[in-house]
Amino acid sequence: MFIKDTQNKEYDLVIIGAGAAGITIAKKMAEEGKVKTLLLETGGFEFSETAWNLSNVEAEGHFDASHFRNHSQRIFGGTTSVWSNMSSMLEERSFINKEWPIGFDEILPFYDEAHDMIQLRDGAVDHVYAKFTERDVIQYRPYYKSYKRSTRFGEEFRDILSNSKNVDVLLNSTCIKVHQDNNQISNLTIRPTFQDKPDFTVKGKHYVVACGGIGNPRLLLQSSVASNLPVGNYLMEHPHYIDAGHIEVNIETLDPVIYTSKTIHAFALSDQYCIDNNVLNASISFKDHVSENRPLLGHKQECFTSIASMRTEMPALKENKVALTDELDNWGLPKVKVTLNFGYTDQAKDLWKVFAKELLVANAGRLTEFSHEKLYIIGGGHLMGSTRMGNNMKSSVVDGNCKVHGINNLYIAGSSIFSASAAANPTYSIVAFSLRLSEHLQTQVFKS
Amino acid sequence: MNRRDFLKTTTTLGLVSSLSSVSGCIDVFRSYDERLKHQLNAVFEDKFKTLKLDTNKEELLTRLKNKKIIDSEGYILTERVQELALTDEMQAFENFYYTSTELDVYALSAHNQS
């Protein structure tokens, strides 16, 4: 239920942040009905500039500060209140390559339920990609969307949380400090976001930080928690090369693999090609609105003619990071600076040529040259990797169960745990990983 | 059956029927030159005219025959164009990427217009 104050109640589980990750875990706890849970959110049901200002950062590199603010919403539902709903699974390759400390089979089963939560169209689980050529270089790998315009978590799951007997939701309340006592989190300091009321304390046995790709490291850094770990480092995005060229796609060749037209059509490199050539993945999307007979491999063939946009995977680089500055904000908290540089246009250009060649070889279509001189490069708002998963404490923050290394009762949920980003929009995987964490908490941590 | 499949089926049926009744008969009596010209006309686009500038019609014909793109009956073997796509150099023309062989075909189609 939604509450006005916690009345000093002690919870089994406290979740900080009511976005895709936090709401997913709270929903699972509500369905299970036993674990006394508190879900905290800075914002309320309506958009508020005051709350949103708490996402302000300084920025250096490829983006200005508004980019990070725009993709760190402070409202019940988090950034799902503005997302475009494009969904695609992570690629198995990065798990095979041991970039993740877990196997792909450990996350794959959770995509089914994530699919239902996001209300994705059929195919997002069992038609993830399709081969249209004998050669294992490029694949048809679309992005799925929901039945609706977009699934807003704050609207979709409000009722189940409102009716829950074991899950409390406290809005308009900002966690400003996580207190660490040796290898335990002891409690949280919470500040009312809007009212000029004193800070108060929230206590739980276990905690999940689910404040987003910038918010998660921000809270840990401001709290000096896990300061022996690379918190904030390895931030990733997806560089989007908008209208990087034009494409003609042979309808006859693609027709057998286009499972439904209700997707964002895209080609991506195959896992095997990326492994064999030691390259990161990329994806080229196109539309199917216009078709013409185009000359292709010596005769006219019916083709979709479309602009083509490319998104590429980014490596996890230590220098791309979220860090504190020496200045304080209005609340007396250290300001945050985000440094993020793409630096992958040359690779994108090379991979574009691989797509161009393979489309011709497969009689699947034709690309223009990569229009790199007038490129319009944006990010997807996919802020990932800043508290990444791994086994090594020098290069990761959480273990395979999303638990912070060295702290017994602190977990992290959301895209900040991603060890590798693939060329896939993250929310579908955020939900899948949050479902996996929920299962871990229910079956391992709270089993008694 | 959805609308697209329906249209595809009816179009195919129509094509098969017209080919067997008219075009098929005409093709039997076409000479090598007529058959090749007909195929080159079908693939020609205005933008290919600039390809004439750097190419010679006889050289193109010889090259395409040697590559077994044009057969002894004057047919353009498009499967062969695709087969060569793997090893062909990829070239940019008017901003789009082509295989070198298909550019030869399109250059020949431009010569064929004069």
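The structure is a predicted model, with an ipTM of 0.87 and a pTM of 0.91. For chain B the mean pLDDT is 82, and 75% of its residues reach 70 or more.

We turn next to the interface. The size of an interface is often given as the accessible area lost when the parts come together. For chain A and chain B the buried area is about 2,200 Å², with 55% of it on carbon and sulfur atoms. In terms of residues, 26 from chain A are in contact with 26 from chain B. Polar contacts across this interface link 13 residue pairs, both residues of each pair being at pLDDT 80 or more. On the side of chain A that touches chain B, two or more residues come from each of strand S11 (240–250), strand S14 (291–296), strand S15 (299–312), helix H11 (345–361) and strand S18 (365–367) of chain A. Of these elements, H11(A) gives the most, with six residues. By class, this side of chain A comprises eleven nonpolar, six polar and nine charged residues.

Charged pairs also span the two chains. Three salt bridges are counted between chain A and chain B. In one salt bridge, Arg294(A) is joined to Glu45(B), with 2.7 Å between the closest N and O atoms. Within chain A, Arg294(A) has Gln301(A) of S15(A) as its bridge partner.

Strand S15(A) takes part in several pairings. S14(A) and S15(A) run antiparallel and are joined by six bridges; besides the pair of Arg294(A) and Gln301(A), Asn293(A) is the bridge partner of Glu302(A) in S15(A). The hairpin of these two strands has two residues between them, and Leu297(A) takes a positive phi near 55° there. S11(A) likewise pairs with S15(A) in the antiparallel sense, over eight bridges, and Val249(A) finds its bridge partner in Phe304(A) of S15(A). Strand S13 of chain A (residues 282–286) is also antiparallel to S15(A), with four bridges in the pairing. There, Ser283(A) has Arg311(A) of S15(A) as its bridge partner. In a regular strand the side chains alternate between the two faces of the sheet.

Over all chains, the structure holds 22 salt bridges. One salt bridge within chain A brings together the side chains of Lys28(A) and Glu31(A), at 3.4 Å from N to O. Because these two residues lie three apart in helix H1 of chain A (residues 20–32), about one helical turn separates Lys28(A) from Glu31(A).

Key:
Residues numbered from 1 in each chain as written. Chains lettered and ligands numbered in written order. Heavy atoms only, no water. Contact = heavy atoms within 4.5 Å. Buried area = accessible area lost by both parts, 1.4 Å probe. Salt bridge = Lys/Arg side-chain N within 4 Å of Asp/Glu carboxyl O. Polar contact = N/O pair within 3.5 Å; in protein donor to acceptor, adjacent residues only side chain to side chain. Nonpolar A, V, L, I, M, F, W, Y, C, P; charged D, E, K, R; others polar. Pairing = 2+ DSSP bridges. pLDDT = per-residue confidence, 0-100.
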